[in-house]
Amino acid sequence: MSLFQIVATGRALPASKVTNEDMAKLVETSDEWIKTRTGISERYFCKEESCCSLAIKAAGEAVVRGFERDAFFCKSDIGLVIAATSTSDYVFPSTACVVAKSLELGTDVMSFDINAACSGFMYALRTAKALLENMDKKYALVVGSEQMSKLLDFTDRNTCVLFGDGSGAALVKLDREKDGICYINSFSEGNNEDLLCEGIGAKDNYLKMKGQSVFKFAVRVIKQSIDDVLEKTGLSINDIDYVVCHQANARIIDHVKKQYEGGEHKFFQNVEKYANTSAASIGIALDELFVSGSIREGMKIICVGFGAGLTWSAGVFTT
Ligand code: UT7
């Protein structure tokens, strides 16, 4: 018997908001094209901020909200910090180590990064659950943080209009005295043709994407992984309160939600405000839902990530 729960959330965005009109000053594009093809209106890009500073802010917010929401929570109960990122400030130390130090979590904490691109937040949640099951401490901090602007070629209109910077965090708890549904799947399929960013030492460090292939992949695996979650837990879409997909393109979510008749309104969308923030998008979306009071105790939420790797992962949580 145990319940893996999202206790509290946090988010951080850079100060600088960049509209579609601003992007049209850099590349040959238009507000109309970007909105129609993606649903995106604006995004944030770091100037003073970085992947680590955003992660510290989002994770710090989740911790403060943890005190408000859970009377039993105390900082020394955090045994694990996992940062999901492809855009860490450093090769080492990890973003997670920087977060743990900055939040003064002490040394009795396991801190490391996960790179599963846009599926990173889900991979990190599953890893946190598995590790907490084998730890004395009850709480973990999961933070998805990205400075995607570092990877963007601002002369390539195919990619630079699609992404944004940001960070979303969740304080999670494994409660051995309670019972509740939580199941997370994760998949991968090596593919460096559709979505690629070469690393250290490469001549060209920019993100490259075959948009249409990735679109088809996304629509297929989101449905597949949600169906797997529903089948394995014996739930139906009627039992679910919200479905939070990785926010890459509003059209992807529209395609998927049409396949869940009667459940279309449960699919959350906020890509218009932030663009694709990769591993941060699910955490940012969850934080919006928590802060607005839309997510209440006892609800069931499905989250789905998909992206480079290729990787994909979905899970259901009881709040
Ligand atoms: O988080 C990782 C996961 N990533 C994704 O989920 C992205 C999935 N893919 C997509 O979201 C879409 O494929 C895109 C938004 C990237 C592209 O939309 P599309 O409807 O597939 O457009 P397209 O690539 O077929 O391009 C159509 C046209 C092309 O012009 P021609 O060849 O028809 O003359 C492009 O050159 O649109 C042109 N185009 C643009 N035009 C104005 C491409 N980018 C732009 C742009 N502004 N920014």
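Predicted model: local features only at pLDDT ≥ 70, side-chain atom pairs only at ≥ 80, totals over all residues.
Let's start with Ser111, which sits in strand 5 (residues 110-114).

- Is Ser111 buried or exposed? Ser111 has a relative accessible area of 17%, and buried means under 20%, so Ser111 counts as buried.
- Leaving out residues up to four places away in sequence, Ser111 touches Val81, Ser94, Ala96, Cys97 and Ala100.

**The largest nonpolar core**
- The largest nonpolar core has 33 residues, and those touching the most other members are Phe4, Val172, Val244, Leu286 and Phe317.
- Take a look at Phe4: not counting residues up to four places away in sequence, its contacts include Leu125, Ala128 and Leu132, along with Val172, Leu174, Cys182, Ile184 and Phe317. Phe4 also touches Lys129, Lys173 and Thr318.
- Another core, of 29 residues, lies apart from the largest one, and among its members are Ala248, Val256, Val304 and Leu310.

**Helix 3 meets helix 4**
- Helix 3 (residues 51-69) and helix 4 (residues 95-102) have axes that come within 9 Å and cross at roughly 50 degrees. The two helices are therefore oblique to each other.
- Their crossing is right-handed.
- On the helix 3 side, the contact is made by Cys51, Cys52, Ala55, Ile56 and Ala59, while helix 4 brings Thr95, Val98, Val99 and Ser102.
- Sort the residues of this contact by class and you get seven nonpolar, two polar and no charged ones.

**Helix 7 meets helix 8**
- The axes of helix 7 (residues 211-233) and helix 8 (residues 250-257) come within 9 Å, crossing at roughly 40 degrees. That makes helix 7 oblique to helix 8.
- Helix 7 passes helix 8 in a right-handed crossing.
- Which residues make the contact? Helix 7 supplies Phe215, Ala218, Val219 and Ile222, and helix 8 supplies Arg251, Ile252, His255 and Val256.
- By class, the contact of helix 7 with helix 8 has six nonpolar residues, one polar and one charged.

Key: Residues numbered from 1 in each chain as written. Heavy atoms only, no water. Axes fitted to C-alpha atoms, helices over the stretch in contact; angles between N-to-C directions. Helix = DSSP H or I, 4+ residues; strand = E, 2+ residues; numbered from the N terminus. Parallel < 35°, antiparallel > 145°, perpendicular 65-115°, else oblique. Left-handed = near helix turned anticlockwise from the far one by under 90°. Contact = heavy atoms within 4.5 Å. Nonpolar A, V, L, I, M, F, W, Y, C, P; charged D, E, K, R; others polar. Buried < 20%, exposed > 50% of the residue type's maximum accessible area, 1.4 Å probe, protein only. Core = buried A, V, L, I, M, F, W, Y, C linked by side-chain atoms within 4.5 Å.
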